[in-house]
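Here is a short tour of one model, written for someone who likes to have the structure open while reading. Please keep the viewer at hand and follow along.

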Amino acid sequence: MDVLDAIRSYRPCAQFQSRPVPPEKLKTVLAAARLAPSQHNLQPWRFVVVQDDERKRLLAQASNRGKMIAEAPAVIVAFSVEEDIPVTIGGYISAYPLDVAVAVDHLQLAATAEGLGTRWLIEFNEDKVRSVLHVPEGIHPIAVIPIGFPANGNGSAVPVDEDGRKSPDEIIAYDEYPWH
Ligand SMILES: Cc1cc2nc3c(=O)[nH]c(=O)nc-3n(C[C@H](O)[C@H](O)[C@H](O)COP(=O)(O)O)c2cc1C
C-alpha cells in the first residue's frame, strides 16, 4: 500500500479483534514512528507498548475509552520528552507535542498499511497514565493508541473523503489568507 492509499483508507478504529498483533507488524509500525522528522532531529518521543492484561486494565481506568483500551490486544502510549525541546513555534506555542504528533501519524499510517487498526486517544488522566507506567517528571503522554486487527475487517465503513471533511475551498488558498 502506498502512502496515499494509507492516508485515504485510515479510519479510527473502535473495536479490535482479540488476536495478538504479530511482533513483526508491531516492529514495522514502531520503525515508521522512529523515522519521523523532528525539530533539530531531537526525536523527543518515547513509545511504551502495553500488552500485559493487568497493565492494560489499569490504563483503561485512566481513559474515557476504557473498553477500547482493555479490549485491544496492544496499546502504544506515545510520550514527549519536554527537556529536549528548547524553542517554541513563532514564539507563541510550545512545540514539544508536535514532533510526537508527526511520529504518531507515521505510526498510524504504517499500521493501516499493515492491515491494523488504531485510534489516537487524548482524553486520559495524565497522572493516572504516569502512575500505571511509572513515568518520570518531564515526560508527558501525548497519545494513547490501542492497536490491533479491526473487528470489522479494514475498519472503514465510509471512505474518508466523503465523511465530514471540509472542502478544499474551505481550507486551501493561494497567495493570501482569504478567510476573514
Ligand atoms: C489529535 C487527535 C486526538 C484524538 N483524540 C480522540 C479521543 O480522545 N477519543 C476518540 O475517540 N477519538 C479521538 N481521535 C479520533 C478522532 O475523533 C477522529 O480521527 C475524527 O473524529 C475523524 O474521524 P473520521 O476519520 O472517522 O471521520 C483523535 C484524533 C486526533 C488526530
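Arg55 is in contact with Val50 and Val132, leaving aside its neighbours within four places in sequence; two residues are in contact if their C-beta atoms, placed from the backbone, lie within 7 Å. This is a predicted model, in which local features need pLDDT of at least 70 and side-chain atom pairs count only at pLDDT 80 or more, while totals for chains, interfaces and linings use all residues. Residues are numbered from 1 along each chain as its sequence is written.

**Arg55 and helix H3**

- Arg55 is found in helix H3; helices (H or I, at least four residues) and strands (E, at least two) are DSSP runs, numbered from the N terminus.
- With 14 other C-beta atoms within 10 Å, Arg55 is partly exposed. A residue is buried if 20 or more other C-beta atoms lie within 10 Å of its own, exposed if 12 or fewer, and partly exposed in between, with C-beta atoms placed from the backbone.
- The C-alpha atoms of Arg55 and Val75 are separated by 10.0 Å, and the two residues are 20 residues apart along the chain.
- Elsewhere in H3, Lys56, Leu59 and Ala60 are buried. They cover an arc of only 100° around the axis, so they sit on the same side of H3; the arc is that of the directions from the helix axis to the C-beta atoms.
- The buried residues of H3 pack against E1, H4, E2 and H6.

**Helix H2**

- Helix H2 (residues 23-34) has twelve residues and reaches 16 Å from its first C-alpha to its last, close to the 16 Å expected at 1.5 Å a residue. The expected span of a helix is 1.5 Å times one less than its number of residues.
- Leu26, Val29 and Ala33 are buried in H2. Seen down the axis of H2, its buried residues fall within an arc of 65°, so they line one face of the helix.
- Glu24, Lys27 and Ala31 are exposed on the other side of H2.
- The cover over the buried residues of H2 includes strand E1 (45-50), strand E2 (74-81) and helix H5 (96-113).
- Ala32, also in H2, counts as partly exposed because it has 19 C-beta neighbours inside 10 Å.
- Leaving aside neighbours within four places in sequence, Ala32 is in contact with His106, Leu107 and Ala110. The C-alpha atoms of Ala32 and Ala110 are separated by 6.4 Å, although the residues are 78 residues apart along the chain.

**Helix H5**

- The 18 residues of H5 should span 26 Å at 1.5 Å a residue, and its end C-alpha atoms are 27 Å apart, which agrees.
- Among the buried residues of H5 are Tyr96, Asp99, His106, Leu107 and Ala110.
- Just after H5, Gly115 takes a positive phi of about 80°.

**The core**

- The largest nonpolar core has 39 residues, and those with the most contacts inside it are Val75, Ala78, Val144, Ile145 and Ile147. Such a core is a set of buried Ala, Val, Leu, Ile, Met, Phe, Trp, Tyr and Cys residues joined through C-beta atoms within 7 Å.
- H5 gives the most to this core, with seven residues.
- Not counting residues up to four places away in sequence, Val144 touches Ser63, Ile69, Val75, Val77, Leu121, Phe124 and Val129.
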